[in-house]
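Good morning, everyone, and thank you for making time for this.

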Amino acid sequence: MYHLLAVNSPLFTIVIPTRNRAKYLEFAIRSCLAQRSTNFEVIVADNCSSPATREIVDLHRDERLRYLRSDEPLAMSENWERSLREASGEYVTVVGDDDALLSHALTDVEQLIRATNAKALRWAQAYYRWPDVSAELGSNLFAVPLAVGSTWQASAELIPAVVNGEKHYAELPTIYNSFVHRDILASIRKRNGRVIASMIPDIYTGFAVAAEAKIFVSSQRPMSIAGVSASSNGEAMMRKAGCADVARDFEDLNEQFGFRWHSRAPFVPRSLPAMIVESFEHARERFQGLEHIKVDRKRLIQRVIAERAQSASADPDAIANAVRGVREWIRCDSLLSSWFDKHLELLKTRHAAPSETFTVPTRGLHGYLLVLDVSEFEVRDTMAAVELFEKLTSSTKSPTPPPRITAPTWKNAVVPILPPILLKTAQALLAKVREKLS
């Protein structure tokens, strides 16, 4: 049965947490207010920003837009937490201030909810790198998943696979790439006193929502664009060079608000595999059914060292910090410590899996992922990226079908949706790939 709210309650709440990034925020707000659906509210959760943030919000005279400001700087997880408490919609999501919601998102999600009555609906994301990102980190790149369809996903199968690196953490129903029913959030809050219990709110909520919902709908068609800007917290944590102030602020506020690294994860805070396990261990303490999941410690060590070795060019201390964190984590396990010391040099030479790193994509067609340098199409912000996505995919004209995965092929899916100029470029790229492989 489809859930109905009181007359004055919206179906959707979109939360935009922000801190001193007004130049990006403008486009995030515009992407939300441009939705074809009208049954939503947008909460801008201002984390003690300069007046520029309020000025951007005030430019939009829209009753669906709410402004919520903190008078003191908050840890990221604390800012997300307070904004989730303010949400009045039946389904809630978080959109970063340098991200965007795609134009078809709310109408597609509403139809999928009506068809499935799902309490959590997760989607794949497109990725856009703002022009102010350095060239070596892929400025102006736009990664567009071309798959369509949706499927039901059982949490019990997915969570162990994510923990042990067999699946990407973005396949979890995080609050950052999902609409989550308020009943799920209320149940988590009742169980733990709050929704978010880790310093890494997106990954942690993926485990928490999956554990609470048990099953959810996963859409292969993106509903949002995850932006990467020069001020992104994720980039700051993963890439030490050039982002020291952002990373230091993130760490200091976490300490101030009591968000500390879990002792059952190796303390390597710039390592994505370690961050995933850190979030999982916080979730394991709070949700029944997770206690039996085994973390393969030897495999985790291999993943952490390989990922940090790959990041050494951007962070000269990457390897030394990782080795120190791993050794402290396993110091009471003499057998594992001996194995680690014996194989350390070999571990440094291994390549990390793409799902274990924040790898910069390369231009071209990679399976169902099309990567473009969108400076060629005069795209300079996320709103322009939204418009390009809709032209590429015609997604506003063809809603996402309810669960039954459809795997498109180049011939029956990519060709019909690409305009001639992009089709010519993509075909040329594909021809080069085939030539190299032959």
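I will begin with the chain as a whole and then turn to the rings. Please keep in mind that this is a predicted model. The protein chain has 16 helices and twelve strands, and buried residues make up 57% of its 438 residues. If we take the contacts between residues at least 6 apart in sequence, 78% of them join residues at least 24 apart.

The structure holds ten aromatic pairs, and one of them is formed by Phe-27 and Trp-130, a tilted pair with 5.9 Å from centre to centre and 55° between the planes. Phe-27 lies in helix H1, whereas Trp-130 lies in the loop between strand S6 and strand S7, 103 residues apart. Why does Phe-27 count as buried? Its relative accessibility is 17%, and buried means under 20%, so Phe-27 falls within that class. Trp-130 is also buried, with a relative accessible area of 5%.

A second pair joins Tyr-128 in strand S6 to Phe-142 in strand S7, 14 residues apart; this pair is edge-to-face, with 6.2 Å between the centres and 85° between the planes. Tyr-128 is buried at 0% relative accessible area, and Phe-142 is buried at 0% as well.

Lastly, and apart from ring pairs, the charged end of Arg-297 sits over the ring of Trp-329, 4.5 Å from its centre.

Conventions:
Residues are numbered from 1 along each chain as its sequence is written. This is a predicted model: local features need pLDDT of at least 70, side-chain atom pairs count only at pLDDT 80 or more; totals for chains, interfaces and linings use all residues. Side-chain values use heavy atoms; hydrogens and water are left out. Helices (H or I, at least four residues) and strands (E, at least two) are DSSP runs, numbered from the N terminus. Buried means under 20% relative accessible area, exposed over 50%, partly exposed in between (1.4 Å probe, protein chains only). Contact means heavy atoms within 4.5 Å. Rings of Phe, Tyr and Trp (its six-membered ring) pair if their centres lie within 6.5 Å; planes under 30 degrees apart count as stacked, over 60 as edge-to-face and the rest as tilted. A charge sits over a ring if NZ of Lys or CZ of Arg is within 6 Å of the ring centre and within 35 degrees of the ring normal.
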